[in-house]
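Visitor: I would like to learn how to read a model like this one, feature by feature. Please give the general idea each time, and then the case at hand.

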Amino acid sequence: MTDPIEPSTSTSDPNPNPSPITLLHPRREPFEHGLLPIQKLIFTDPVQALTPLKQKLASSSTHRVDSTALADALQISSDHARLVIDTLASVLHSESDPLVTARPDDVDSIGADLRDLILFLYIQSYKRLLPRSHKDSAAVADVWPSTSAFDGYLSALSPLQLVRCNTRRFMPSQADEEAHRLSYLQKHLANILSLLSEPVEGEGKESLVLTMDGFEHLGFLIQFGDKGSEGVPLSQAAPFFANSDPDMPAIPVPAAQVHDWLLQNIASSLEHITEKISAKENGPPSGSDQDVAMADASPSSAKASTSARSPCLIEGFSKSSYIKQASDLKNSSVKVINCHDSVIYILAPLRYATIYGCSDATIVLGAVGKAVRVEHCERVHVIIAARRVCIANCRECVFFLGVNKQPLIVGDNHKLQVAPYNTFYPQLEEHMTEVGIEATINRWDEPLALGMIDPHSSLSHPAGVSDAQAESAAHLDPDQFTNFLIPNWFEGESIGSTKDNPFPLPDAYLTSQQRNQKNLGEIKQILREAPLEENRKRELSCALHVYFKDWLYASGNIRQLYCLQGD
């Protein structure tokens with residue numbers, strides 16, 4: 001079963017001129033949110049390691065695996081095994097899988113589908129794409145790593161410096177990343193199919209076949225068209241399963257036939273995307289590709305783009321405020337990239353969110369039902385209601401979290417702080433219900449720190465460094481905890497039932513909040529009852545307004561007022 005599948009001699013192209021609707025695409029989610037820096041999950045020869053693992057775990061009649069069985073099979077801790085299953089659940093392609101909607105207490109009793117788990121473990125050997133300017137990029141055959149912003153032996157740059165020197169014209173575009181993932185799948189397709197296939201009884205391991213059910217699990221890695229899992233099932237895009245009778249089991253197909261058909265589709269997609277990349281590089285630079293200089297960035301020069309399949313990009317904002325509501329978004333994924341000294345509000349129900357390369361900013365994410373990744377950020381306040389969050393290579397950031405899973409901390413981080421969730425907006429609870437976040441569960445104070453070094457980088461590391469554990473996050477001092485007020489830009493238009501923070505505060509933070517509110521009330525009362533003549537009261541009022549205005553300008557919050565007036 002470990003032997004690679006030999007392609008057949010057929011060279012006919014089933015679709016020589018594919019339309020964008022029928023193009024094959026790699027799913028982004030497993031590669032962006034599903035890679036874990038756990039050394040025991042990185043296999044030099046995935047097929048040799050995973051074939052006996054599959055056989056060992058296949059003993060269950062339901063072909064589902066719980067964390068106890070997985071910990072025993074991989075010789076990892078129960079915490080890491082549970083993390084694997086939780087992470088897999090966050091990137092699954094099928095919303096009908098019971099693991100997707102399982103309550104935390106039910107995850108082990110439900111378990112992960114064995115075939116999805118095997119594919120998830122296989123791609124842990126994937127390596128990320130290098131910036132285009134890397135001098136060794138041409139020599140890296142299978143994978144191009146991404147360097148950490150803080151690895152001393154790789155770079156001494158802070159996130160802000162990293163963004164300034166690695167401008168967007170040198171960073172991989174979404175098309176570059178898609179082409180890289182397609183190349184990875186092209187190289188590893190035979191091995192992946194061998195792990196999903198079964199030998200024909202009596203004909204030996206060389207005669208492998210793939211059932212329609214097994215083929216559907218390839219949907220974990222690939223999709224056709226722009227709609228992904230919401231469109232036609234994967235088997236309906238394949239000529240050998242497309243017209244199968246739903247009331248009758250489909251006849252298994254030789255794995256070599258599936259291999260040839262998928263290779264042809266991958267080649268067509270690679271050709272299509274390579275032409276698109278070439279046209280963009282050879283044509284005049286577009287506004288969306290130009291790097292926005294920090295000193296000149298403004299809402300008019302920054303970028304907020306969307307497409308049917310790609311995530312909404314919010315990029316290049318500096319010294320400004322920006323808001324997106326549910327009605328503004330055409331898709332369910334968001335990427336906030338290269339934003340500085342700004343306040344960004346994404347008040348919408350989302351599936352995935354990424355915050356990358358931001359500094360001196362406040363970023364509020366509404367409700368994220370799958371996963372959030374925050375990477376290469378510096379001095380950023382992030383306010384998130386989410387199922388799970390991963391923090392990588394950040395400095396001096398504060399995270400106000402309402403999360404149902406343990407926050408995951410990886411890479412080279414410094415001076416991180418975590419605190420309970422501290423805001424609300426009228427539709428928050430409605431959005432949380434829509435994406436499956438429970439307000440009664442908040443594990444903000446249980447960060448799980450993994451390795452400092454990203455094993456998905458193929459650059460060599462000094463001896464012993466790979467074993468170092470990431471610096472965890474400290475709890476924010478309750479005396480420094482304050483509520484964050486989201487301005488009501490659309491008063492009269494916002495309809496929602498949320499009137500307060502839906503996540504209960506721990507006693508220490510609740511006491512601090514109540515003390516601050518009491519102190520504020522006492523100060524207001526003292527000012528109201530001050531025995532001053534009317535002209536002195538007017539002078540006091542004017543002085544307070546002057547100091548408040550000075551604070552607005554000094555803190556940069558005056559920009560939010562301008563934004564509010566502009567809307």
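Visitor: Among contacts in the protein chain between residues at least 6 apart in sequence, what percentage join residues at least 24 apart?

Guide: The figure is 60%, where contact means heavy atoms within 4.5 Å. Before going on, note that this is a predicted model, in which local features need pLDDT of at least 70 and side-chain atom pairs count only at pLDDT 80 or more, while totals for chains, interfaces and linings use all residues. Residues are numbered from 1 along each chain as its sequence is written, and side-chain values use heavy atoms, with hydrogens and water left out.

Visitor: How many helices and strands does the protein chain have?

Guide: The chain has 15 helices and 20 strands. Both are DSSP runs numbered from the N terminus, helices being H or I of at least four residues and strands E of at least two.

Visitor: What share of the residues of the protein chain count as buried?

Guide: Of 567 residues, 50% are buried. Buried means under 20% relative accessible area, exposed over 50%, and partly exposed in between, with a 1.4 Å probe and protein chains only.

Visitor: Which residues touch the most other members of the largest nonpolar core?

Guide: In soluble globular proteins, nonpolar side chains tend to be buried together. Here the largest nonpolar core has 76 residues, and L121, F215, L218, F220, L221 and L262 touch the most other members. Helix α8 (residues 174-196) gives the most to this core, with ten residues. A nonpolar core is a set of buried Ala, Val, Leu, Ile, Met, Phe, Trp, Tyr and Cys residues joined through side-chain atoms within 4.5 Å.

Visitor: Which residues does L262 touch, not counting residues up to four places away in sequence?

Guide: L262 touches L24, L189, L193, F215, L218 and I222 on that count.

Visitor: How do I read a pair of packed helices, and at what angle do the axes of α2 and α6 cross?

Guide: Two packed helices are described by the angle between their axes and the distance between the axes. The axes of α2 and α6 come within 11 Å and cross at roughly 160°. Axes are lines fitted to C-alpha atoms, for helices over the stretch in contact, and angles run from 0 to 180 degrees between N-to-C directions. The two helices are therefore roughly antiparallel to each other. On this scale, angles under 35 degrees count as roughly parallel, over 145 as roughly antiparallel, 65 to 115 as roughly perpendicular and the rest as oblique.

Visitor: Which residues of α2 and α6 meet?

Guide: From α2 come P46, V47, L50, L53, K54 and L57, which meet L114, L117, I118, L121 and Y122 in α6. By class, the contact of α2 with α6 has ten nonpolar, no polar and one charged. Ala, Val, Leu, Ile, Met, Phe, Trp, Tyr, Cys and Pro count as nonpolar, Asp, Glu, Lys and Arg as charged, and the others, Gly among them, as polar.

Visitor: How far apart are the axes of α6 and α8?

Guide: Helix α6 (residues 114-122) and α8 have axes 11 Å apart and pack at an angle of about 145°. R115, I118, L119 and Y122 in α6 meet Y184, H188, N191, I192, L195 and L196 in α8. That contact divides into seven nonpolar, two polar and one charged.

Visitor: How many of the nine residues of α6 are buried?

Guide: Eight of the nine are buried, so α6 is largely enclosed by the rest of the structure. What covers the buried residues includes α2, β2 (64-65), α3, α4 (78-91), β3 (112-113) and α8.

Visitor: At what angle do the axes of α2 and α3 cross?

Guide: Helix α2 (residues 46-57) and helix α3 (residues 67-74) have axes that come within 11 Å and cross at roughly 140°. That makes α2 oblique to α3.

Visitor: What is phi of E396, and where does E396 lie?

Guide: Most residues other than glycine have a negative phi, and most peptide bonds are trans. Phi of E396 is near 50°, a positive value in a residue other than glycine. E396 lies in the loop between β15 (389-392) and β16 (398-403), and is partly exposed, with a relative accessible area of 39%. Phi of K319 is also near 50°, and K319 lies in the loop between β9 (312-315) and β10 (321-325).

Visitor: Is F400 buried or exposed?

Guide: F400, found in strand β16, is buried, with a relative accessible area of 6%. Leaving aside neighbours within four places in sequence, residues in contact with F400 include H381, I384, Y421 and F481.
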